[in-house]
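Please read the following with the sequence and the model side by side.

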Amino acid sequence: MNAYLTVDAGLAARGVRLAVGVGQGERVAVMGPNGAGKSTLFGLCAGLLRPDEGRVALGGQVLADASGAWIPPHRRGIALLAQEPLLFPHLSVLENVAFAPRAAGAQRGAARAAAGRWLEEVGASALADRRPAELSGGQAQRVAIARALAAEPRVLLLDEPFAALDVDAAPALRRLLRRVLAGRTALVITHEPLDAHLLADRVLVLEGGRAAEDGSTAEVLERPRSRFAAGLAGLNLLQGIGPAAAAGAGTSRSSSAAASSGTAAGARISIEGLGEVSGTVPEGADQPAGGEAAVAVFRPADVSVFAPHDAPHGSPRNVWPATVLELEPRGAHVRVHCAPGTEASRPGVAGPSAGEASAGAGAAAPGILADLTPAAAAELDLVPGAGVVLVVKATAVSVYAVG
Amino acid sequence: MNAYLTVDAGLAARGVRLAVGVGQGERVAVMGPNGAGKSTLFGLCAGLLRPDEGRVALGGQVLADASGAWIPPHRRGIALLAQEPLLFPHLSVLENVAFAPRAAGAQRGAARAAAGRWLEEVGASALADRRPAELSGGQAQRVAIARALAAEPRVLLLDEPFAALDVDAAPALRRLLRRVLAGRTALVITHEPLDAHLLADRVLVLEGGRAAEDGSTAEVLERPRSRFAAGLAGLNLLQGIGPAAAAGAGTSRSSSAAASSGTAAGARISIEGLGEVSGTVPEGADQPAGGEAAVAVFRPADVSVFAPHDAPHGSPRNVWPATVLELEPRGAHVRVHCAPGTEASRPGVAGPSAGEASAGAGAAAPGILADLTPAAAAELDLVPGAGVVLVVKATAVSVYAVG
Amino acid sequence: TQPGAHRTLTVFAASSLSGAFTRIGERFEAANPGVDVVLSFAGSSDLAAQITQGAPADVFAAADGATMERVAGAGQALAPERFATNSLVIAVAPGNPHGITGLADLARPGLRVVACAPQVPCGAAAHRAAAAARGEGSAGGGGGVVLHPVSEEPNVTDVLGKVTSGEADAGLVYATDVQRSGGAAEAVRFPEAAQAVNAYPIAALTGARDAALAGEFVRFVVGEEGQGVLADAGFGAP
Amino acid sequence: MPGWIWAPAALGALFVVLPLAGILARVDWARFPSLVTSDSSLAALRLSLGTAAASTVLVLLLGVPLALALARGTLPGLRVLRGLVLLPLVLPPVVGGLALLYTFGRLGLVGRWLDVAGVQLAFTTAAVVMAQAFVSLPFLVVSLEGALRTAGGRYEAVAATLGASPTHAFRRVTLPLVLPGLASGTVLAFARSLGEFGATLTFAGSLQGVTRTLPLEVYLQREADPDAAVALALVLVAVAAAVVALAYGRRAAGGLR
Amino acid sequence: MPGWIWAPAALGALFVVLPLAGILARVDWARFPSLVTSDSSLAALRLSLGTAAASTVLVLLLGVPLALALARGTLPGLRVLRGLVLLPLVLPPVVGGLALLYTFGRLGLVGRWLDVAGVQLAFTTAAVVMAQAFVSLPFLVVSLEGALRTAGGRYEAVAATLGASPTHAFRRVTLPLVLPGLASGTVLAFARSLGEFGATLTFAGSLQGVTRTLPLEVYLQREADPDAAVALALVLVAVAAAVVALAYGRRAAGGLR
Ligand SMILES: Nc1ncnc2c1ncn2[C@@H]1O[C@H](COP(=O)(O)OP(=O)(O)OP(=O)(O)O)[C@@H](O)[C@H]1O
Ligand SMILES: Nc1ncnc2c1ncn2[C@@H]1O[C@H](COP(=O)(O)OP(=O)(O)OP(=O)(O)O)[C@@H](O)[C@H]1O
Ligand code: MOO
Ligand SMILES: [Mg+2]
Ligand SMILES: [Mg+2]
């Protein structure tokens with residue numbers, strides 16, 4: 001692997017075992033449910049945790065390995081912005097930001113000047129003389145970002161940098177980070193797909209201490225292969241298998257050449273509980289192969305909801321009876337959580353939909369989301385438990401192999 | 001005021017002075033930029049801060065006033081879930097949750113049983129025997145929520161309960177909170193309009209230590225009167241004044257009867273830098289009055305973007321030349337940040353748009369957001385600095401008085 | 001006092017008396033069945049302070065007259081009697097490696113000498129002895145001994161400690177102290193010591209719970225048996 | 001931690017450990033068993049352990065509330081009080097004993113009233129406990145107050161909003177949180193009580209089995225029989241070491257959970 | 001804080017404050033000025049302040065690294081060492097002095113080599129400083145180690161990822177963070193040095209202006225003139241109170257920022 005930063009290491013005590021490579025100047029968004037091992041990955045890189053298996057390397061130099069090789073944190077050139085701001089409580093805001101330049105040997109005056117510039121960049125100049133205890137949570141995080149940036153590190157690790165920022169302040173910092181991260185090697189832990197889009201070239205999804213998905217941001221968020229990634233991108237994802245007899249232009253994985261011709265190829269996959277689902281194979285994706293894992297992905301806005309008695313019929317549409325689980329107002333629209341099947345056919349449907357069941361995303365029950373206008377929802381008289389019919393045009397459904 | 005919880009108090013040291021009433025069983029979302037005084041409001045209610053002006057009362061009983069009246073926190077029946085989980089580090093997760101029942105006098109066994117139930121409700125039963133130090137940030141916050149719920153308080157204060165939760169775990173907790181908050185008196189600090197919709201009947205927006213907006217969730221988020229609230233709801237908001245000669249059906253505030261007839265009345269307001277803006281007065285809102293403050297509100301999705309040379313003309317449309325500041329990918333669409341006016345007429349436009357300028361939302365420069373498909377954006381060859389023409393149909397613009 | 005009744009006698013004695021009085025106590029108990037002698041040893045002035053503050057003592061045996069006078073002056077001691085004397089010797093390491101034969105040798109340069117501070121009884125005695133060596137206290141009298149101790153200890157025990165630990169080459173202590181050191185130090189006697197004999201007074205206290213018993217103990221100490229024990233311990237006759 | 005720290009740290013450790021070795025080197029091992037099992041030695045050991053335990057309990061009863069009041073109270077005079085409470089640390093113990101005598105002795109400030117009530121403290125085992133408590137109280141207060149300040153009031157605030165009365169929060173939150181500080185303060189106080197000499201001698205006297213604790217026995221023996229004194233001192237060190245090891249061992253284990 | 005805490009807290013405060021009042025009540029105020037300004041008193045005061053300051057510096061130089069090593073180090077023997085370092089607390093000072101004598105004295109373990117090298121410690125002011133440092137070192141180490149443990153390594157970890165070498169992080173982060181613990185440890189050590197008596201007398205002797213510190217002067221005066229002793233003890237208390245007040249005053253102000 002000719003990656004710049006290589007983590008091929010594990011920490012048995014936390015049930016984490018990862019193999020990840022990051023190229024120089026590449027920015028990676030690290031996503032995944034709570035406890036997936038995101039912070040552990042950062043600890044291994046920064047030198048706050050020692051791997052008990054495998055090794056961590058940067059620019060060809062082994063930083064740590066299980067046999068005892070060890071470069072201490074301060075000589076790694078890897079700055080870590082932790083979930084909590086952890087500003088030094090005894091230093092003023094300006095001195096906090098000047099800390100890294102000072103540590104790097106800058107004179108007091110030069111370090112303070114540099115700190116002043118970084119504070120200005122994060123819009124916190126007015127706070128320069130305050131003590132960390134006098135800052136609100138958001139202000140503190142903003143200063144912590146400036147402090148990490150001031151270290152001008154080889155690799156920058158940001159652990160949920162926006163967690164404590166309000167909707168109003170976050171965009172400005174996103175823009176700042178976008179500017180300063182350009183050309184830098186950086187990893188950003190985030191739960192926000194927007195950050196992945198804006199700040200990263202690549203998305204790494206961790207689940208249960210393992211890398212579950214890894215690819216370009218567009219790929220992972222636009223053509224997710226896991227429910228977790230689909231959930232991040234705000235998409236429905238149904239897992240199934242390719243048809244016994246392929247219905248599309250090709251019959252095997254190698255047929256992706258057909259898809260790349262520019263004409264979307266039609267395909268069907270079969271999904272437990274829903275039967276066959278029709279869709280198109282997006283450009284660059286693999287045609288579902290018979291009997292192999294495939295997914296159907298579509299936007300909630302492309303799902304139409306009808307009362308059971310007047311659902312439209314006829315190809316090329318997917319028509320599924322379903323039960324409403326919950327209505328979730330979302331600004332200008334209402335998101336309807338549905339479980340495929342009718343109430344009668346699914347006794348015991350009480351509430352779980354994607355993500356409810358437990359801490360892990362893997363255990364999520366299959367569910368379909370539909371976005372309606374509030375007016376439409378009111379007209380259909382939707383309430384949890386109501387039976388509906390969901391209709392999705394085949395042209396709105398992407399199907400592809402994920403084997 | 002016949003409110004259940006009344007805060008009419010100030011804390012000069014933090015520049016906070018609030019007058020807020022909450023009815024029994026009412027759920028209020030508290031929103032506002034960092035440092036607005038949200039946590040300070042909670043501290044005053046919970047009894048962690050003493051007001052130096054005014055008083056705080058609950059159910060007719062004065063909890064605290066500036067002259068020294070004081071009910072200590074533990075006899076207020078007001079539970080506070082802080083931004084940080086602050087789980088007791090020496091107790092197991094189960095014992096943490098059992099803390100409040102024990103404090104209320106329950107037997108050990110009964111308290112543990114209750115704690116077990118609450119843990120189950122938040123989906124954290126598996127963590128019961130762990131120590132707080134062994135939890136990830138998200139897991140800890142989930143347990144903290146269970147612990148606050150287990151106190152079964154008269155008023156529940158939740159300070160950013162979802163701040164540390166991932167997208168996958170948050171919905172389940174939102175649903176839980178929604179269920180348990182129903183019928184309770186609760187205040188929730190959040191930066192997420194979704195939480196306001198789901199968990200609150202009312203939204204209170206704080207800015208600079210003062211209540212800036214206060215109304216039903218629908219009202220505040222669908223007909224915002226401030227840029228901050230509009231930003232929360234994902235809407236554009238332009239501030240202007242009613243026309244010298246009213247163009248609509250009525251000429252004064254009392255004419256809102258005309259609007260309530262069900263037919264949306266047309267109206268124009270004048271906005272500095274944009275001239276006259278046409279729109280309709282939504283049901284229940286006030287007709288803009290001549291010379292008085294009014295706003296124009298519209299969805300970014302309703303803004304069409306054209307190259308300068310081929311913009312459509314003709315009523316009833318608003319047509320504004322503008323300069324692109326930034327492109328922000330957002331899942332399925334691209335959000336374009338624009339500043340009205342052309343590059344030539346606005347020298348020095350460097351990057352600021354809503355929210356960038358500084359910590360406060362009030363200082364935001366006027367900007368217009370437009371949502372496009374990635375394809376449309378690519379076709380228009382939009383880059384920061386490009387000149388464009390923005391077009392919004394009058395029927396998509398709500399105008400109303402905010403005097 | 002009924003025979004056979006259990007009686008307790010509390011005796012406060014200067015710490016230099018601890019060996020001798022422990023034995024005297026045992027003998028007194030043997031001679032008076034049913035009597036329990038409890039001994040408290042400390043520096044004389046500690047004991048005096050304790051007694052004037054109301055300590056429940058029956059008998060006080062001090063190492064010098066001044067402390068006894070403090071107790072008597074407070075009206076708490078009945079007719080103090082001298083019961084022993086103690087004279088100064090030069091304590092040196094076993095085998096006398098520096099060959100010290102008299103007080104004059106202590107002025108030798110390079111020799112590390114310790115003594116008691118002049119404020120305490122043994123220091124006062126040392127001063128008297130040194131003055132005697134210079135010629136009966138006459139100022140500037142023909143060149144006798146001027147001591148330059150490297151340390152002036154507040155307690156004779158500390159003087160002896162410096163000698164037995166080897167820190168000091170010689171120290172001025174009481175004969176009984178060397179005797180009790182069990183061979184850790186050796187005594188060099190010198191004639192001027194006769195000018196600085198220290199007298200030990202004993203008295204029954206007015207606060208005694210059993211005045212008769214206290215008086216009996218005092219008589220026992222000054223009596224034949226007590227004097228015998230004291231002589232064995234190296235004390236001189238009163 | 002910078003690596004060079006080890007050099008001065010080792011020097012510091014040597015400075016403490018070497019003198020202990022110095023004592024060990026002087027012990028007359030042949031006579032050791034008989035020296036330390038003599039009647040008077042055993043009586044002194046028993047008395048020392050009993051009084052040190054009692055004074056530690058007294059110190060906990062008075063010191064924990066005092067530390068809490070100093071750390072959390074807001075009365076104006078507290079800063080002066082905090083200074084005063086430290087003073088027994090600086091007083092030579094003999095002066096401390098005199099102070100106790102002038103106060104609780106039969107003729108003392110308080111003692112004269114106690115005497116009227118028929119209570120006599122000086123020269124009883126109770127006096128030993130008081131002397132030990134007087135010198136060890138500051139140890140507990142200082143350790144605990146520091147722990148209370150660092151633990152901060154945030155967890156107590158959370159407990160209050162969960163409905164815990166101050167007493168409940170104190171027992172279930174504050175005390176467990178400062179347990180390391182409390183444990184080390186208790187060990188220090190016990191150790192200091194065990195080694196207390198000057199104040200005991202002055203205030204309580206030196207009566208075998210009643211007030212003559214191990215350090216007093218060592219002092220007494222030192223004149224007559226230095227070997228015995230050294231042997232007894234070693235016993236004192238060993239008992240102290242055992243207590244310290246026990247307390248620290250448990251604390252370290254607690255810290256791992 | 002529960003309200004009932006004030007009752008035992010007040011009792012605890014009284015227990016310490018009353019004996020101090022007991023001393024005050026005994027001072028002969030008419031003679032006080034002449035008693036405390038005598039040559040010997042002033043010499044003792046000067047010597048005490050000088051040696052206590054010097055021993056505090058020595059304790060800082062040795063104790064700070066030692067506390068750091070104990071709090072952050074991971075060597076297997078550290079737990080034993082932690083216990084050993086506490087031992088001087090439990091030793092009666094006279095025994096501590098003996099231990100120093102057996103180690104650094106002319107015939108001691110280390111002293112015999114020093115003697116060969118021409119270095120003699122006994123009866124010098126340096127010996128006073130050593131005796132004071134020996135008894136006060138544990139005070140600093142215990143306070144500081146506690147503070148280091150509660151401060152935890154999280155800020156040091158952040159400093160490291162910002163490129164700070166362990167030494168830089170130690171100076172700029174660790175030390176400032178534990179400043180309250182360091183300050184109170186330093187005050188304790190200074191106060192303990194100021195009050196040190198038994199070890200000084202045993203190891204260093206008692207010569208005016210060279211080794212006779214204020215506590216030794218008090219002890220000596222007590223034999224001859226108890227009034228003078230009480231007056232001097234009061235001076236000792238006043239000096240200690242001033243130091244403690246100064247240190248605590250600054251600390252409280254620092255805590256407010
Ligand atoms: N200090 C710790 N000691 C032991 N186990 C830990 C510790 N911190 C986390 N863990 C465990 O290690 C696993 C990975 O945790 P990690 O903190 O890396 O997750 P994360 O992805 O960062 O989660 P979050 O989104 O909640 O921050 C989890 O099972 C967690 O319970
Ligand atoms: N402990 C404190 N001492 C002094 N001032 C404080 C303290 N905490 C907050 N402030 C100040 O009080 C004001 C209100 O802060 P508050 O914490 O209530 O804001 P907030 O709305 O909760 O912000 P955030 O969203 O960042 O949590 C801010 O100006 C802040 O700087
Ligand atoms: O016996 Mo004394 O009073 O210590 O010299
Ligand atoms: Mg994490
Ligand atoms: Mg807040």
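Helices (H or I, at least four residues) and strands (E, at least two) are DSSP runs, numbered from the N terminus. The model is predicted: local features need pLDDT of at least 70, side-chain atom pairs count only at pLDDT 80 or more, and totals for chains, interfaces and linings use all residues. Residues are numbered from 1 along each chain as its sequence is written, chains are lettered from A and ligands numbered from 1 in the order in which they are written, and side-chain values use heavy atoms, with hydrogens and water left out.

Chain D is a helical chain, with 13 helices and zero strands. Its C-alpha atoms occupy a box of roughly 65 × 60 × 25 Å along the principal axes. Of its 257 residues, 63% are buried; buried means under 20% relative accessible area, exposed over 50%, and partly exposed in between (1.4 Å probe, protein chains only). Contact means heavy atoms within 4.5 Å. Among contacts in chain D between residues at least 6 apart in sequence, 75% link residues at least 24 apart. Carbon and sulfur atoms account for 68% of the chain D accessible surface of about 8900 Å². Such areas come from the Shrake-Rupley method with a 1.4 Å probe; for residues, only the protein chains shown count as cover.

An unreviewed UniProt entry annotates "transmembrane region" at residues 49-71, 83-105, 117-144, 173-191 and 228-248 of chain D. UniProt positions are given in the numbering used here, feature names are shortened, and annotations may be inferred rather than shown by experiment. In the model, residues 49-71 of chain D are 100% helix and 0% strand, with end C-alpha atoms 31 Å apart. Residues 83-105 of chain D are 87% helix and 0% strand, and there the end C-alpha atoms lie 25 Å apart.

What surrounds Ser136(D)? This residue sits in helix α7 (residues 125-151) of chain D and is buried, at 0% relative accessibility. Leaving aside residues up to four places away in sequence, Ser136(D) touches Val59(D), Ala189(D), Arg192(D) and Ser193(D). The side chains of Ser136(D) and Ser193(D) make a polar contact of 2.8 Å. A polar contact is a pair of N or O atoms within 3.5 Å; within protein, one must be able to donate a hydrogen and the other to accept it, and residues adjacent in sequence count only if both atoms are side-chain atoms.

Chain D also has a copy to compare. A rotation of 180° with 0.0 Å of shift along its axis places chain D on chain E with an RMSD of 0.2 Å. That is the relation of a two-fold axis. Copies are superposed by least squares on the C-alpha atoms of residues with pLDDT of at least 70 in both. The copies meet through the same surface, because 100% of the interface residues of chain D are also interface residues in chain E.

Chain A contains both element types, eleven helices and 20 strands. Of its 403 residues, 55% count as buried. In helix α1 (residues 38-46) of chain A, eight of the nine residues are buried, among them Leu41(A), Phe42(A) and Cys45(A). Just after α1(A), Gly47(A) has a positive phi of about 90°.

Cys45(A) has a relative accessible area of 1%, and Cys338(B) is likewise buried, with a relative accessible area of 1%. How many disulfides does a search of the whole structure find? It finds one over all chains, where a disulfide is a pair of cysteine sulfur atoms within 2.5 Å. Cys116(C) and Cys122(C) form a disulfide, with sulfur atoms 1.8 Å apart. The torsion about the S-S bond of Cys116(C) and Cys122(C) is about -90°, so the disulfide is left-handed. Both Cys116(C) and Cys122(C) are buried.
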